[in-house]
Amino acid sequence: MSGLSAPKGTFDVLPPDSARFLAVRETLTAPLRRAGYGYVETPVFEETAVFSRGVGESTDVVTKEMYTFDDRGGRSLTLRPELTAGLMRAFIEHRLYSGSLPVKLWTVGSAFRYERPQAGRYRHFTQVDMEALGVDDPALDAEVVALGVQGFRDLGLTDFELLLTSLGDATCRPQYRELLVAHLEKLDLDEETRRRAAINPLRVLDDKRPEVQAQLDDAPLMVDHLSDSTRAHYDAVRQHLTDLGVTWTEAPRLVRGLDYYTKTTFEFVHSGLGAQSAIGGGGRYDGLSAALGGPDVSGIGYAVGVDRTLLAVQAEGLDVAAAAGVQAFVVPLGAEAKRLAVRLVGQLRAAGVSADTVYGDRGLKGAMKAADRSGASHAVVVGERDLADGVGQLKDLRTGEQRAVPVGELFEALTTAVSQEVVSA
């Protein structure tokens with residue numbers, strides 16, 4: 001078994017760094033919980049059609065990056081490359097659209113894409129995903145965008161930027177498509193790019209190769225060809241964002257990497273992450289439900305990368321570590337003291353106090369090092385002589401102050417000391 005390691009392009013989240021990972025994840029999801037979004041979980045794998053039909057046949061995600069396999073029953077399954085399509089499948093399957101609308105959902109979980117690993121881009125990553133389904137309202141678009149902004153603000157991030165545009169809809173996209181196709185036909189594009197353009201010409205605008213981008217300076221832009229209805233929708237979204245105190249940068253060339261986006265489309269980028277600057281993004285996808293066989297209802301949402309956001313936090317030098325995992329630590333010296341320690345730790349945990357004790361045969365020096373590393377503010381040290389005297393030594397690990405406390409009063413003394421520490425903090 002020697003030599004085994006995590007697959008290429010993946011990573012392990014381990015203590016103590018995992019405290020920061022959890023803090024970022026919890027902070028990003030807190031605004032969603034406050035806004036009444038309900039938590040859901042979907043499988044990490046789905047029928048391949050959920051993604052090929054939902055994400056889009058022309059996307060790199062579908063054509064190059066999905067982990068697809070046949071199960072023992074011969075069914076084609078795919079590890080989810082993103083979370084929206086699976087949530088929409090659940091929305092349709094369980095007929096959530098038959099209740100009160102909009103249906104507001106959020107989830108957090110792993111996604112998988114076969115990509116070339118590099119800083120900020122992995123084959124396994126964690127996303128916070130939210131969706132508001134069933135209502136086409138510019139105010140709802142603004143709410144969704146603002147909730148994403150709030151999560152970043154709550155982390156203390158300041159060097160992020162909101163890029164915003166509109167990708168139109170069925171009232172104007174066909175005419176724009178004709179203009180774009182006519183423009184692309186004049187360009188020197190390789191056969192693969194022309195094939196993608198035939199399926200969805202907007203995807204060419206998302207091509208990152210310099211030789212392609214250099215030819216797109218004069219390409220027509222969707223935002224310049226919006227219908228009256230989509231223009232009014234976009235204007236209303238921007239007015240609501242202004243009212244919410246959200247600033248943005250117009251990004252008329254923004255094309256998200258998934259085919260289902262319509263109307264409001266946005267991306268969050270951070271200046272401290274280099275080439276892989278995106279930390280999240282999303283938009284409206286009014287045709288996704290119908291594409292997956294459900295009712296023709298609208299939706300809007302976003303996904304934020306927990307891993308990417310943590311890199312942004314580190315780039316700004318922010319301290320977002322979660323509170324210490326342990327508040328109280330019990331150090332037993334001897335077999336009889338170990339019984340007391342196990343019992344006391346159990347009582348503390350049952351009372352809501354995070355507590356731990358030392359395991360294995362360690363002397364006082366090693367046990368106190370463990371207590372210090374735990375992050376606890378207070379420790380109880382109990383040796384044979386202490387037990388003979390019916391006391392334990394309550395020690396403040398911050399100040400070094402120590403006093404003897406009767407064994408029967410240790411629980412109350414510890415909980416009181418820890419609660420006072422929390423209040424003072």
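How many bridges join S9 to strand S10 (residues 278–284)? The legends below begin with that pairing. This is a predicted model, in which local features need pLDDT of at least 70, side-chain atom pairs count only at pLDDT 80 or more, and totals for chains, interfaces and linings use all residues. Residues are numbered from 1 along each chain as its sequence is written, and side-chain values use heavy atoms, with hydrogens and water left out.

**View 1. Strand S9 and strand S10 run antiparallel.** Six bridges join them; two strands pair if DSSP finds at least two bridges between them. Strands (E, at least two residues) and helices (H or I, at least four) are DSSP runs, numbered from the N terminus. Phenylalanine 266 stands opposite glycine 282 in S10.

**View 2. Strand S7 (residues 160–166) is joined to S9 by seven bridges.** These two strands run antiparallel. Serine 166 faces threonine 264 of S9 as its opposite residue. S9 itself spans residues 262–270, and nine of its nine residues are buried (under 20% relative accessible area, 1.4 Å probe, protein chains only; exposed is over 50%, partly exposed in between).

**View 3. Lysine 365 lies in helix H14 (residues 364–374).** Lysine 365 is exposed, as its relative accessible area is 64%.

**View 4. Glycine 352 sits in the loop between helix H13 (335–350) and strand S13 (355–357).** With a relative accessible area of 61%, glycine 352 is exposed.
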